[in-house]
Amino acid sequence: MKQIILLLNLFLCLHANIAGQTLLSKRDAFNKDCTITKSGYTYQCDVVEKAAFVTLFNKNNKWVYEQNVFKDTGEYYDMETGHRPVSVIENPTMESKSFKIVDEAFSEEVAKQFGEQYLGISLYLDPMTGKVNEVVFSFMTFSLYPRIPISVYRDLELKLKKEISLVPTEIGKKLNYILVSWSQKPKGKLTLINKRPTLSIDD
């Protein structure tokens, strides 16, 4: 019997290594207004309950609720009708790299569970350097994204800041920040059997 139990435990451990990630329970999911403090960082989770919409971001962010304006006049910048300050299409390397970073933030098994659920990503760029200063995530409360451990979003934030940068146009340099946003269904990255789990329910 002990041998059977040991074999069962080994199987479960191997399965955990393959999955690579563990979803939080619905009870522990951050789907209501809250501040989440971890070692070295703090995240804010804001929820519009009537819209079932979650905004998740680093507490140090300053632009998430600031209007996008021209620095010299304070005039509101309307990306829909104005001159687009940064064209991701003109920089296909950065566009595909951004998508890949988001894809690989999740294990393949977890990504499959997302199904048709989209994750929103917003990058707030320094208008002079084009470097990512802030990252904001958005999703629906009824999706699986609230059950992803906060450490996953933190790792994703840091990787986007480190590896993504764009070239601001002259219009972009006049703004208080440059916003690049998109929605994505992560494809996931297969976790090899000999790799340690990157996440746990306690993260």
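The protein exposes about 12000 Å², with accessible areas computed by the Shrake-Rupley method with a 1.4 Å probe and, for residues, only the protein chains shown counted as cover. Carbon and sulfur atoms supply 55% of this area. The model is predicted: local features need pLDDT of at least 70, side-chain atom pairs count only at pLDDT 80 or more, and totals for chains, interfaces and linings use all residues. Residues are numbered from 1 along each chain as its sequence is written, and side-chain values use heavy atoms, with hydrogens and water left out.

Four helices and six strands make up the secondary structure (DSSP runs numbered from the N terminus; helices are H or I of at least four residues, strands E of at least two). Their order along the sequence is α-β-β-β-α-α-β-β-α-β. Of the 203 residues, 43% are buried (under 20% relative accessible area, 1.4 Å probe, protein chains only). Among contacts (heavy atoms within 4.5 Å) between residues at least 6 apart in sequence, 73% join residues at least 24 apart.

The largest nonpolar core holds 39 residues. Such a core is a set of buried Ala, Val, Leu, Ile, Met, Phe, Trp, Tyr and Cys residues joined through side-chain atoms within 4.5 Å. F137 and Y153 have the most contacts inside this core. At least two core residues come from each of β2 (41-48), β3 (53-58), α2 (92-103), α3 (108-114), β4 (119-125), β5 (132-140), α4 (150-163) and β6 (178-184). The largest share, five residues, comes from α4.

Leaving aside residues up to four places away in sequence, Y153 touches F30, Y43, L56, L119, F137, F139, Y145 and I148. A second, separate core has six residues, among them W63, Y124, V136 and Y177.

How values were computed:
Buried < 20%, exposed > 50% of the residue type's maximum accessible area, 1.4 Å probe, protein only.
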